[in-house]
Amino acid sequence: MKQTFLLFIIGLMALSLKAQMYFPPNNSNAWDTIAPSNLEWCTSKIDSLYNFLEENHTKAFLLLKDGKIVLEQYFDEHSASSNWYWASAGKSLTALMVGLAQEENYLDISDTTSKYLGQGWTSCTPAQEDKITIWNQLTMTTGLDDDVADPYCTSNTCLHYLAAAGTRWAYHNAPYTLLDNVIENATGQTLNQYTNQKLKSTIGMDGLYIPQGYNNVFFSTARSMARFGLLILNQGIWNGTPILSDTNYFNKMVQTSQNLNESYGYLWWLNGKNSFMIPQSLFVFQGSMMPNAPDDMIAALGKNGQFINIIPSLNMVWIRMGDAPDNTLVPFTFNDEIWEYINNLDCGSLDITEQEVDKPDFFAFPNPVKDFLYINSESTVIGRTSYSLYNAFGQLMLSGEFNGNHHHLNLKMMLSGMYLLELRNEMNTQTIRIINE
């Protein structure tokens with residue numbers, strides 16, 4: 001009896017929490033807000049966040065709590081009515097549209113892709129091609145060679161067999177892009193028509209897919225990107241109206257989808273996993289992809305820093321649009337740096353320049369670097385630390401050990417580009433992104 005009563009109370013609490021979620025009305029600029037002071041956030045620390053965003057070429061930043069706007073800031077003549085591209089953050093939108101098409105029985109993600117694109121959409125043999133499914137496209141496991149002259153090229157002459165479907169994870173844009181054709185051929189509607197019908201009109205989004213080369217790139221206002229994030233936070237339901245009713249598909253979309261890259265769902269990035277892989281690399285890095293972010297965060301990450309961060313445990317969504325802080329396809333370290341400022345917003349927290357650390361927290365400078373990279377920790381002496389420096393393809397370039405809190409590496413002979421420095425000791429494992437000029 002007690003257990004039944006407890007479950008009843010928990011159920012009421014869950015319903016109450018859901019009832020607190022706010023959804024902005026359609027066809028209106030109205031959107032309820034929460035004053036940052038109600039969350040005990042300090043104005044000076046908000047200013048520090050905005051300064052960091054502006055210094056890194058941000059156009060728009062929005063942060064929602066319980067669906068209401070807490071922070072909204074625009075930079076560089078951008079405004080609430082300005083449109084901007086989602087880049088690969090739009091992959092998350094495609095993942096939802098595939099789920100909707102499956103829910104309406106237009107397709108099944110276990111279907112071979114050839115069923116919708118026809119035989120010969122790749123340069124593979126018919127037997128090899130028939131093994132590639134929509135699920136493989138959603139999970140980046142088609143086995144097609146991503147090391148080609150133009151990884152965006154969707155012509156069959158650009159799509160070559162490298163490994164059996166499902167046996168290799170590689171961030172490859174061309175097979176993903178062809179999901180657009182799968183949706184169109186399965187539904188008999190254009191991508192814009194189907195998105196308007198099933199999503200945008202119901203949740204009040206604006207935006208449009210615009211062809212750019214081989215890609216279909218989604219453009220919208222920042223608030224529309226935030227609306228989409230709010231829909232995902234509420235598990236595909238908008239203000240009581242189910243957009244995606246298939247909870248099985250939704251749950252698989254935002255959980256580890258395969259055993260090769262724990263931090264990847266159906267075109268969504270997942271935080272808090274034991275390991276992760278990154279674009280243009282086959283190396284498996286240990287630890288959480290974004291250590292400063294909550295473990296339950298799911299994220300859409302696009303080139304030049306187009307971000308949607310969704311955190312169920314905090315009932316929070318934040319988005320960032322803007323220009324490039326660096327040239328990586330998925331600038332996840334920049335996303336993590338923003339989290340460092342968000343974590344610091346509370347008036348009771350120490351400023352990020354004053355925080356004391358309980359574990360050895362190394363930093364590397366200068367970054368970007370020319371010639372010598374210096375590694376330092378301000379914590380107490382921590383003994384022996386091993387280091388490994390990997391290039392963007394996951395190849396080990398340097399490794400060794402040092403004692404104490406200081407060391408330097410000679411990068412004079414290294415090519416320009418992005419590297420990942422992994423530091424390990426008995427107390428901590430840390431990965432730092434390095435840009436070598």
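What radius of gyration would a compact globule with 437 residues have, and what does the protein have? A compact globule would come near 22 Å and the protein has 23 Å, which agrees; the radius is taken over C-alpha atoms, and the globule rule is 2.2 Å times the number of residues to the power 0.38. Along the principal axes, the C-alpha atoms fill a box of roughly 65 × 60 × 55 Å.

The model is a predicted one, in which local features need pLDDT of at least 70, side-chain atom pairs count only at pLDDT 80 or more, and totals for chains, interfaces and linings use all residues. Residues are numbered from 1 along each chain as its sequence is written, and side-chain values use heavy atoms, with hydrogens and water left out.

The average pLDDT (the predictor's confidence in each residue, from 0 to 100) is 89, and 91% of the residues score at least 70. Over residues 1–19, however, pLDDT stays under 50, and the model has 2 contacts beyond four places in sequence for them; contact means heavy atoms within 4.5 Å. Where pLDDT is low, the predicted coordinates should not be read in detail.

Met21 is buried, with a relative accessible area of 8%, where buried means under 20% (1.4 Å probe, protein chains only). Beyond its neighbours within four places in sequence, Met21 is in contact with residues including Asp66, Leu230 and Asn234. Asn234 lies 213 residues from Met21 along the chain, yet their C-alpha atoms are separated by 8.3 Å.

Conventions. Buried < 20%, exposed > 50% of the residue type's maximum accessible area, 1.4 Å probe, protein only.
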